[in-house]
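Open the model in your viewer and keep the selection tool ready. The tour goes from stop to stop, with a selection at each.

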Amino acid sequence: MKNKVLIITYYWPPAGGPGVQRWLKFVKYLPEFGIEPIVYCPENPNYPIMDESLVNEISDTITILKQPISEPYGLASLFSKGKSKKISSGVIPKAKKQSLIEKTMLYVRGNFFIPDARKNWIKPSVEFLSNYIKEHQIETVITTGPPHSLHLIGLQLKGRLGIKWLADFRDPWTTIGYHKDLKLTNSSKAKHIDLEKKVLNAADEIIVTSNHTKNEFQTKTKQPISVITNGYDSHSVRVDTKDEHFTLSHIGSLLSERNPVILWEILSELIKENSAFSEAFKLQLIGVVSDDVIESIHNNGLKNHLEVVGYVSHDEALQFQMKSQLLLLIEIDSEDTKAIIAAKVFEYLISETPILAIGPEDADVEQIIKSTNTGTYFNYKQKAELKSQLLNYFEAFQSNTLKVNAIGLQPYSRKALTEKLAGLLNRV
């Protein structure tokens with residue numbers, strides 16, 4: 001008889017993007033460790049990114065519960081469909097470039113939908129799940145956020161039924177970078193802090209994806225906190241040859257603030273100084289890219305070297321990773337982003353393609369890249385060192401010696417991480 005665990009998630013196939021991968025893979029492997037996952041997700045969600053191919057990864061034996069959700073993005077799209085979709089996908093223009101509609105949308109989103117735009121799903125979900133949990137004798141519930149509204153479902157179920165509850169934070173709550181863009185009033189900020197405190201102190205176990213988030217939460221709660229990072233899964237995607245160009249590829253969203261001007265300047269210099277580099281170089285962006293980033297790239301004379309592919313399926317993203325000569329990893333230069341370990345990092349690790357990473361000093365992802373010998377990491381003050389390393393990579397490309405000798409990857413496999421999760425579930 002397997003132990004049952006109810007997993008409450010907003011992102012589930014056919015949703016695309018990194019938010020769906022974590023629990024799709026946990027659900028895939030939990031039965032191997034004697035745990036039966038039951039998934040609860042929205043029936044009619046407003047996913048900004050879709051990837052129908054991920055539906056094929058769901059086992060027919062998994063119980064999936066769905067209930068309707070009411071979200072504000074449909075109403076917002078009546079005023080501006082394009083701007084509504086961009087904001088819902090996380091692309092927030094710089095403040096000085098925001099239109100009146102965008103400023104209004106951000107203010108309303110930040111101050112009338114606390115903790116987030118999925119708050120209307122809390123009450124009906126608690127009513128439905130309270131009956132389901134009792135009827136099916138479920139003892140353990142997991143909520144995963146963002147959206148952090150889902151943790152409030154767990155909080156209320158814990159209060160009503162006394163179930164065991166694990167709160168999984170894929171990103172921090174009140175210190176997440178985009179909170180600064182939501183035009184929060186002091187009252188709204190206080191509400192977020194209060195809700196975060198209630199969740200952190202009521203959950204039986206807290207799961208986070210980075211050591212920095214663990215350290216932050218340890219100042220806010222005495223409850224046990226475990227780090228379970230995102231990871232990689234085995235796949236059958238193969239490529240015959242690498243790209244013939246010296247291709248530097250970024251897979252994933254490049255939002256307005258994630259704009260490494262230092263890199264665009266270096267690439268511009270190398271193109272002017274080195275004709276062979278200029279002839280071979282290509283910058284490839286796969287995913288959602290903000291207009292601010294495109295403008296910055298063009299302003300540095302890189303327009304003729306740029307290819308913007310847009311969003312692709314998960315398997316196609318894996319192909320781009322494996323065909324590229326270098327993989328670009330960018331994080332905002334901020335104290336708040338030291339805790340961010342993008343989900344794509346772990347697929348980068350097994351792509352057999354070197355990683356070139358730029359971010360804040362002492363970030364968690366820096367340690368992962370260095371300990372696995374999968375690339376190089378620079379902070380925003382290391383312009384000369386970054387330029388020198390790019391030239392080294394290019395010379396290795398020219399001599400056909402640009403390779404990766406990765407070590408210590410196994411702990412980041414989805415199966416190994418699920419075994420760690422199963423251990424938590426058996427302990428709580």
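Buried means under 20% relative accessible area, exposed over 50%, and partly exposed in between (1.4 Å probe, protein chains only). The model is predicted: local features need pLDDT of at least 70, side-chain atom pairs count only at pLDDT 80 or more, and totals for chains, interfaces and linings use all residues. Numbering runs from 1 along each chain as its sequence is written, and side-chain values use heavy atoms, with hydrogens and water left out.

**Loops first.** Select N400. It sits in the loop between α15 (383-398) and α16 (414-427); helices (H or I, at least four residues) and strands (E, at least two) are DSSP runs, numbered from the N terminus. N400 is not a glycine, yet its phi is positive, about 60°. N400 is exposed, at 61% relative accessible area.

Go to E352, in the loop between α13 and β12. Here too phi is positive, about 60°, and the residue is not a glycine. E352 is exposed, with a relative accessible area of 63%.

**Cis peptides.** Select I114 and P115: the bond from I114 to P115 is cis, with omega near 10°. P115 lies in the loop between α4 (100-112) and α5 (122-136). Next, take G145 and P146, also joined by a cis peptide bond, omega about 10°. P146 belongs to the loop between β4 (140-145) and α6 (149-161).

**Cores.** A nonpolar core is a set of buried Ala, Val, Leu, Ile, Met, Phe, Trp, Tyr and Cys residues joined through side-chain atoms within 4.5 Å. The largest has 62 residues; L6, I8, L129, I153 and F169 have the most contacts inside it. Centre on L129. Beyond its neighbours within four places in sequence, L129 is in contact (heavy atoms within 4.5 Å) with L6, I8, Y40, L65, I153 and L157. A second, separate core holds 34 residues, including L263, W264, I266 and L326.

**Helix α12.** Select 314-323. Which residues of helix α12 are buried? They are H314, A317, L318, Q321 and M322. Seen down the axis of α12, these fall within an arc of 135° (taken from the directions from the helix axis to the C-beta atoms), so they line one face of the helix. They pack against α1 (18-29), β8 (246-251), β11 and α13 (344-349).
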